[in-house]
Amino acid sequence: MASIVNVTGPLSDLADSAREGAVLRNLAPALLYEEAVRRDEALITAAGPLLAVTGEHTGRSPNDRFLVRRPGSESEREIQWGPVNRPLEPEKLERLAEKIVSRAQGIDLFVFEGYAGADPATRIKVRVVTERAWHSLFARNMFIRETDASRLEGFEPDFTVIDLPSVQADPATDGTRSSTFVVLDLDAHVALIGGTEYAGEIKKSVFSVMNYRLPRRGVLSMHCSANYGADRDDVALFFGLSGTGKTTLSADPGRILIGDDEHGWGDRGIFNVEGGCYAKVIRLDPEGEPAIYATTRTFGTVLENVVCDPETRVLDLDDDSLTENTRSSYPLGQLDNVDLGGIAGHPRAVVFLTCDAFGVLPPISRLDDAQAAYHFLSGYTAKVAGTERGVTQPKATFSACFGAPFMPLDPARYAMMLSEKLRRHDVSVWLVNTGWTGGPFGVGRRMPLQATRRIVNAVLSGDLDGSQMRVDPVFGLRTPLSIEGVDSAVLDPRGTWSDTAAYDAKLRELAAMFAVNFRQFEATAPESVRNAGPRPDAS
């Protein structure tokens, strides 16, 4: 384990005189700006954010992510090994660590030290070591910062991320799929990242660690946003995959944001895992999403793959020539309606968000206990044409717990914890479709954001409690007949289609996709949950 010790110890120690390069520790944003520009890593845009282009990798590389499998270890017994959590032998990690150490000896390194988890009882100390100044600023934005610098003296991390994009793996000898690697060792408490400039790998590596650690302490870790209303006991959670509206809907001017992506739910309530937000900004609407839009005009924000004019440095948020996945990383302090402490009570409502590009799911449905568990395990949304190479028609996507790529444990374990907490705290659960109505993508139209906001506000205010419901015979979803301020016509998706026979066929087609996907959970899911799914043959 000598090479791992070198990675997590002396490599980030300012007193390590054997290194040729400098170690720049916990630099302020202005200094990181200067270093990023001086090293040609990024440029400063007209309105103030730092802009970096990540090259080949404009998103995560899930097929290049591995977990080290140490025979006989506790993690080896608990991790759900398979296509999500691909195993890598310890010897292969050592080879990658040797490459990391060799490269690190001759270059400058940037070190960030902070925390993951707002709850002091379960937070972990995180150290991020990287060769990119802008990656260090990203880490500073995304994790919880220490306000008292004296507490960082003698800082001993619980987990260390080493991110050297210039280091390439050799699949023939390193056991990787390509030259890119994201390797987590939950026993050695280290993650090694190489071959990719995409900063989101840093954030999601730490989230994966929390998804392993927190449940083992009785805390449910969740891929969701959270906010509260009149007080900290009026909490709402928003689960959903990328592009479904987690960040947008939780950034409500009438409510206080806790966080936009990663949370824990313990005995005392909800807490944020992060200290910042990582929002998609492609075609961002300044009127519909003013708070997020404002962060793209603020010093300290890190933008990824946003196009700007080379002369004026003015941003073009509508330009997707680099990627649809343009991103903005900013600290929570840039927002007005935000709880920087990141801790609140137990939720009153949970919202599962789906972007149904088939246009068949209602814009709002109430779920009973069994349906909530079924849809949590399913984690459905749909990709649309143009968002991913080769996708020319809507494509159903299922991701257990609305975050399968970051869940080291059996999805059933997270689902059981969620079900228990929902029952104990009498939480209402809703399925909200932020996708299409009147037909599938290319025929219908996207559900208007203002209508979705009114629907969510009706949920959170309690206006829908006891309201009359329509029941869909295929999915068994209960939909309110009316919501104040929302056109009642859109509440019945079948009625929005000009061809109702085509609607019925597409609804059953999607129901069959759900059934096929859920087969993986049939052996462990209770009978009530298995029976809570859609019935493709229902009349």
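## Ground rules

Contact here means heavy atoms within 4.5 Å. Helices (H or I, at least four residues) and strands (E, at least two) are DSSP runs, numbered from the N terminus. The model you have above is predicted, so to speak of a local feature takes pLDDT of at least 70, and side-chain atom pairs count only at pLDDT 80 or more, while totals for chains, interfaces and linings use all residues. Residues are numbered from 1 along each chain as its sequence is written, and side-chain values use heavy atoms, with hydrogens and water left out.

## Helix α5 and its two partners

Two packed helices are described by the angle between their axes and the distance between the axes. Axes are lines fitted to C-alpha atoms, for helices over the stretch in contact, and angles run from 0 to 180 degrees between N-to-C directions. Let's start with helix α5 (residues 133-142) and helix α7 (residues 200-213), which pack at an angle of about 40° with their axes 9 Å apart. Angles under 35 degrees count as roughly parallel, over 145 as roughly antiparallel, 65 to 115 as roughly perpendicular and the rest as oblique. α5 and α7 are therefore oblique to each other. On the α5 side, H135, F138 and M142 meet G200, I202 and K203 of α7. By class, that contact has three nonpolar, two polar and one charged residues. Here Ala, Val, Leu, Ile, Met, Phe, Trp, Tyr, Cys and Pro count as nonpolar, Asp, Glu, Lys and Arg as charged, and the others, Gly among them, as polar.

Helix α2 (residues 29-38) also packs on α5: their axes come within 8 Å and cross at roughly 155°. These two helices, α2 and α5, are therefore roughly antiparallel to each other, and α2 passes α5 in a left-handed crossing. From α2, the contact takes P29, L32, Y33, E35 and A36, and from α5 it takes A133, W134, S136, L137 and R140. The residues of this contact divide into seven nonpolar, one polar and two charged.

## Helices α10 and α15

Which way do α10 and α15 lie relative to each other? With an angle of about 80° and axes 10 Å apart, α10 and α15 are therefore roughly perpendicular. Y374, H375, L377 and S378 in α10 meet F514, A515, N517 and F518 in α15. That contact has five nonpolar, three polar and no charged residues.

## Cavity and pocket

Grid points are joined across faces, edges and corners, and a volume is the space filled by probe spheres set on the points. The count comes to one cavity of 30 Å³ or more, and the largest cavity holds about 30 Å³. Its lining consists of D369, A372, S419, L422 and R423. Helices α10 (369-378) and α11 (411-424) each give two or more residues to that lining, with α11 giving the most, three residues.

The second largest pocket holds about 560 Å³ of space. Of its 28 lining residues, Y115, I144, R145, E146 and T147 are the closest to its centre. β6 (109-116) and α5 each supply at least two lining residues, and β6 gives the most, with four. The lining of this second largest pocket divides into 12 nonpolar, seven polar and nine charged residues.

Methods. 1 Å grid on protein atoms, 1.4 Å probe; cavity = no way out; pocket = protein on both sides within 12 Å on 5 of 7 lines; lining within 4 Å. Left-handed = near helix turned anticlockwise from the far one by under 90°.
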